[in-house]
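Reader: I'm new to this one. Can you walk me through it?

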Amino acid sequence: MSPQDTKSFNLAAVVVLAAGAGTRMKSRIPKILHPIGGVSMVGHALAAAKGLNPNRLAVVVRFERDQVAAHIAALDPSAVIVDQDNVPGTGRAVQAALEVLDAEVPTRGTVVVTYGDVPLLTSELLSELTATHERDGNAVTVLTAVLADAAGYGRILRDETDGTVLGIREHKDATDEERAIKEINSGIYAFDADVLRKALKLVTTDNNQGEMYLTDVLGLARNDGGRVAAVLTTDKWQVEGANDRVQLAALGKEHNHRIVQAWMRAGVTVIDPATTWIDSTVQLEQDVTILPGTQLHGKTTVAQDAVVGPDSTLTDVQIGAGAHVTRTEGTGAVIGARSQVGPFTYLRPGTVLGADGKIGAFYETKNVTIGRGSKLSHLGYAGDAEIGEDTNIGCGNITANYDGVNKHRTKIGSGVRTGSNTVFVAPVSVGDGAFTGAGAVVRKDVPAGALSLTVAPQRNAEGWTVANRPGSISAQAAENSAN
């Protein structure tokens, strides 16, 4: 179903339940804030919910309330934050959301309820649930799946005659016969708002857990003459939640598998999908090639015909068309078209490499702008610097940008050639077309077209090895050479 089709829904609200402590995660971080594919689990849940274009979106919170609420507000400032009180259970959580929403505008139409820890759930599946619910005039429609091992899940109880849903039995309250049922409740529903509101007033905590079960609404709705039905999904991953780190890792792996496959179908070559990780926030163009062992995170973008990898980890890096990035760690950098980076290169934030440029082996850069066609080929450091176009920085060059208290900038012009092991002691400026000699320590500005040398007389102490290292391999070699 296309996003345009969702506009025909009478979707009053989506309620995302995100109040749980997630104790099995054993983490100081609230469970729903743990990331998958570069986005928090609740971030995925909000994206799926917003894809339905609901009139209102409410998120029910409790554990680490302020931290979770701030995160949700950053993702969607329009989301209504609802605080769950001391009455336990999903039924009370949804009731609290309705009370807050009704206080502003009475809720009429369809209310979809989902969770903050089902990161693979899609807007498309929620759209199918909502469309079925409204098309069939159901009081309640539940999303279900069939699992080989249904332990821990609520079981779907169906009418043997027409297949409609009689109710849901929580695992701890189920008989042995009911526990043999493989169709499970995902906990994701579409409700008629009036039916939901009325039924919740009748839900009690009279059960083994002492909780207000949202599942009780189904039986109450049916007893009141409403039709209760199910949408069965064959994609069990979309209804899987993460209660501990093992499940989190499994969901992360499956999410990445889907992301990588989607990019391959969109025209990206991924040599080894098993060792390639791509966040859901990354953007790739056609005919990009990703080599094994590559991780692309954050807002990384890779333009057409670029090659990334192997063994590269890039976060918030922009890569131009036709660039090659090999065995590189990079964050917050820009790599120009047709440029080459690596191997064993470290790009720190603020690195901007112009088109047709190069940052080569064992180089570290930070807060540096490098002009078109300039090359920093090997074994050096450039930080807090500006380098012009068509400049060649020799092997072992560094910009000494820190005086122990403050950082200073180095400016190197266009068409400059620097000798091996040149040190630029910032603040310092090198004019266009200048040269430096090998081993130069540049402490003063170099005029355009000048040659900068640091001259120290060479002194040879003849016979030193034999006199000071007698009996050594070196002394023997020297004596043999003299003979």
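Reader: Is Leu-451 buried or exposed, and why?
Author: This is a predicted model. Leu-451 counts as exposed because its relative accessibility is 54%, and the cut-off for exposed is over 50%.

Reader: Where does Leu-451 lie?
Author: In strand 37, residues 451-452.

Reader: Which residues make the nonpolar surface patch of about 440 Å²?
Author: Phe-435, Leu-451, Leu-453 and Val-455 make that patch.

Reader: New topic. How many salt bridges does a search of the whole structure find?
Author: The search finds 21.

Reader: What does Asp-224 form a salt bridge with?
Author: Lys-198. Their closest N and O atoms are 3.0 Å apart. The pair links distant parts of the chain, 26 residues apart. Asp-224 is in the loop between helix 7 and strand 11, and Lys-198 is in helix 6.

Reader: Are those two buried or exposed?
Author: Asp-224 counts as exposed, at 52% relative accessibility. Lys-198 is partly exposed, at 48%.

Reader: What about Asp-384 and Lys-366, how do their side chains meet?
Author: In a salt bridge, 2.7 Å from N to O. Asp-384 is in strand 28 and Lys-366 in strand 27, 18 residues apart.

Reader: Buried or exposed, that pair?
Author: Asp-384 is buried, and Lys-366 is buried too.

Terms used:
Residues are numbered from 1 along each chain as its sequence is written. This is a predicted model: local features need pLDDT of at least 70, side-chain atom pairs count only at pLDDT 80 or more; totals for chains, interfaces and linings use all residues. Side-chain values use heavy atoms; hydrogens and water are left out. Patches are made of residues with over 30% relative accessible area and no salt bridge: like charges are joined within 9 Å, nonpolar side chains (Val, Leu, Ile, Met, Phe, Trp, Tyr) within 5 Å. Accessible areas come from the Shrake-Rupley method with a 1.4 Å probe; for residues, only the protein chains shown count as cover. A salt bridge is a side-chain nitrogen of Lys or Arg within 4 Å of a carboxyl oxygen of Asp or Glu. Helices (H or I, at least four residues) and strands (E, at least two) are DSSP runs, numbered from the N terminus. Buried means under 20% relative accessible area, exposed over 50%, partly exposed in between (1.4 Å probe, protein chains only).
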